[in-house]
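Hi,

Here is the structure I promised to pass on. Have a look at it first, and my notes follow below.

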Amino acid sequence: MTDTTPTEAGSTSLHTNDAAKARLKARYAAERRFKWMGAGAVALSGLFLVILLSTIVTQALPAFRMNYVTLPLNLSAEQVDMDELSSTNFSGIVNDAILSQFPSVEGRQERRALRGLVSTGAPTLLRKALESGAVEPGDTRQVALPLDDFSDLYLKGLVAKEGRREALASAPEVATADGEATLSFSDDVVVEIARQAGATEDEGVLRLTSGASSLLLEAEGQIIKLQEVQPTDGGATATGLVLLADAPQATGEAAIRIVDTPEAQRKFTDREIVWVDALKAQGLTENRWNEIFLFSGASREPEMAGIWGAVVGSALTMLVTLALAFPIGVAAAIYLEEFAPKNRLTAIIEVNINNLAAVPSIVFGLLGLAVFINWFSFPRSAPVAGGFVLALMTLPTIIIASRAALRAVPPSIREAALGIGASKVQTVFHHVLPLAMPGILTGTIIGMAQALGETAPLLMIGMVAFIVDVPGGFTSPATVLPVQIFMWADFPEPAFQQKTSAAILILLGFLVLMNAIAVILRKRFERRW
Amino acid sequence: MITYVVIALIVLFFAAFYTGRSRAMTVGGGRAANLHSLPSQHGLFVALMAAGPALLLLFAWSLATPSIEASIVESRFADHLATLNLPEKQAFIRDARATAFGGIAGFPNEMKDAAAEVFKSAHATSQWVAAVLALALAAAGFFLAHRLISPRFRARHKVERIVRVFLILASVVAILTTLGIVLSLIFESLRFFQQVPIYKFLFGTHWSPQSAFTGAGQEAGAVNEDIFGAIPLFVGTLLITLIAMIVAAPVGLMSAIYLSDYASKRVRSIAKPVLEILAGIPTVVYGFFAALTVAPFFRRMGEGVGLDVASESALAAGVVMGIMIIPFVSSLSDDVINAVPQSLRDGSAGLGATKSETIRKVVLPAALPGIVSAMLLAVSRAIGETMIVVMAAGLAANLTANPLEAVTTVTVQIVTLLVGDQEFDSAKTLAAFALGLMLFCVTLVLNIIALRVVKKYREQYD
């Protein structure tokens, strides 16, 4: 055994010829490749998770805050009759307030656009604030009202990509007539800016069409949107549209603001940008926690839409599911594990449960529709119906987990109990079940987490109905979190995209919480025999 | 009303328990040893006898009465209902019910309001009757059980029998669920196949049930049999499932191999939770991700290389579904690979094989049946998956194998046919049940095969 000790490297290697060495090298290379493929697969799954979560989190964060505008409202006695608030024209009050901020704005269309800056839900909120006494009636009250979804998105920087602000060395001469402005510049900086903005050149005239970036010239308290720029000898002339004549943000040096996203590619016009900026420059806008989103029911208006109704609906549905699935599931598991004789019926039940666990969830929805809704006339869209369907769906999960937990209790416990004279039922309920409880609870929580995230079967029983009110009971129409996510994802307004992500974040938060409880239960109470 | 009765019954349950227990102690002369059963068992017996039957009655009553109430309303308004066709009749009952008990009534009118009044009064009467019956039953049960208490009365045996019956009933619920699924699907599907021949459904290549009654020259109520051909749906489902499996099978299997044979303890402690989180994310979130991030990404990528990718392409839905199934494949394969006995690995290593050679030439062949069944389960999961495809795949039934085009699946069509206003007897809604039956059968067969294979395979090594 001692004479085979290798002396010099290579000389006593097993692989003497070059072909063998090459084969070995190839085999080791294959080994490495295989290992890296495995690591790559795991890394890929991790990457997917990171992309998924980061996309949703970055989209969701803006939805948790919201912009309000503080307007002086005329809530005097002749406007507001405190005894008959329902007949008060609150939209009129809000409209007057926003119009009074921009006295220079004229024209039906423009005034309508201006009114649109404030949320259409603002009058209702105002009425509620007066009812609850949060706002007192009086001549001019400064009240913060939610902005419309696009104004809100603009202030969050999600509508238009903001470009540079180019200060002009020398202020242009401005002549305005009928809302049109003629400008003459003493240098040709503006020509270069117009070229970069993507102006179309036509016989020496640069036209800034709606496909080009918007150039907003701020000078002499006015904001002028440049439309045509013509280079002249050493300078330039330009024509433009006066967007706002008394702009508080344009009181300083002359400058050109470049909004990179062309007007045609956003649903927020240059005029609206200028108005919102004017409000912001006066310090009237305010970014607050979005209480509307967290504490109110659904709405067709993105800025008014809240998640609370869905949260309550989910809670009610989960209560029904838990009340049904937990006792039935545990009882079934106890019977199958502790009492059932080994016969055909038991075998059928077992196969049955395993198969039920793999039935697609949408089939449970069909069952709910045919049996609960059509046959037993359960109320449509109600948490009871949803709870029954989800209970049937989670039952197999709970049964399988509970059986595993019961099986893990060693027979010595049962034998000891039986030995001192306990009956079979007493043995199970006094000794085996308490020991299996942590495992059973863990399985139940995981089953409930699955049920909380389930959508498809609830679509079948009508929980997609559009419900504004926060559900009041088990039989009132309701929706649940995942269905709310599904509905919001379908709405075309871009603000709903953030709402959807925020709702997903809340749903994931609940799921993380439930799973954390399950993990803690398992860690603290799990017993190894 | 019923709620109060239920609360009263629960209170009665506890009251009966304590009365029964103290009565048993009195009967036993203050010594529990004089009794056959423990005092608390006597108490439990009285409590169960008092509250149990009454609660069961209320449960059965609340299941049965809605349809009885509906038939009362129907008979009361028979003249009016005779002028309506079936969907209108159902809408009438539904709206009247909604008006009476709070809910969303479609189009309220005077007739429906009158029907709602009938509903209300019938409901009130039925609640009174139920409450009185339940309380009478509870009282009778209580006094009967209370009188039975005596030293020789075998309360424990009675209670344990009741408990056992409850346990058996609970495990029968699983069978009832399956039975309910099978019967309701078959029942509704049979009604569908009376209107549309089964061969046209299974082998037809044209699917557009949304236009079922608007076809030119169609009589009201006549069913155009040729628009219920489900082949495009089956092809679409298979296409998306195939894409999903192309993503999930290699990634899932390789991660399982890596985690079971290569990864260090630290890597495993990070990677396992990652996979568990992926598995725990609700499908609606994947759907949102597919529709909003992945689909536009593929579209832009397609534009980059000059390909026309539909914004609801099968590719996007399939890839995201594949990501969703990765943890499923991985955990199933992990179980199977770990079940291969260590002696096989040791033997292979002893012959000088590298780790990857051992895995490829020894472990995987040994685990093959299990891996196949894991893949079958994954396929059945993919076929039945709903939300991802509802949100990211198309609605139009294209018969194509091109993954860049929009296709639709069985589950998408079930959802679109059943969501929104619906009449329960039209071929359109019944078609959804026929699709559901197909889905149920296919997934069931896949599961049964997979479970059989796993079972057979496990027996070899245990």
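A:M66 stands opposite A:R288 in strand β12 of chain A; strands here are DSSP runs of E with at least two residues, helices are runs of H or I with at least four, and both are numbered from the N terminus. Strand β1 (residues 65–75) of chain A pairs with β12(A) in the antiparallel sense over five bridges, where pairing requires that DSSP finds at least two bridges between the strands. Both belong to an open, antiparallel sheet of three strands in chain A, ordered β2-β1-β12. β2 (138–146) and β12 (285–289) of chain A are at the edges with a single partner strand each, so one side of each has no neighbour in the sheet.

Before going further, two notes on conventions. This is a predicted model, in which local features need pLDDT of at least 70 and side-chain atom pairs count only at pLDDT 80 or more, while totals for chains, interfaces and linings use all residues. Residues are numbered from 1 along each chain as its sequence is written, and chains are lettered from A and ligands numbered from 1 in the order in which they are written.

Also in chain A, A:A197 sits in the loop between α6 (189–196) and β6 (200–202). Why does A:A197 count as buried? Because A:A197 has 21 C-beta neighbours inside 10 Å, and the cut-off for buried is 20 or more other C-beta atoms within 10 Å, with exposed at 12 or fewer, partly exposed in between, and C-beta atoms placed from the backbone. Leaving aside residues up to four places away in sequence, A:A197 touches A:L208, A:A212, A:S213, A:L215 and A:I258; contact means C-beta atoms, placed from the backbone, within 7 Å.

Over in chain B, the domain assignment (automatic or from a database) gives domain 1 (2–153) and domain 2 (225–461). The C-alpha centres of these two domains of chain B lie 46 Å apart.

Finally, the contact between the chains takes 73 residues from chain B and 70 residues from chain A. Helix α6 (residues 155–195) of chain B supplies the largest share of its side, 19 residues.

Happy browsing!

Conventions:
Contact = placed C-beta atoms within 7 Å.
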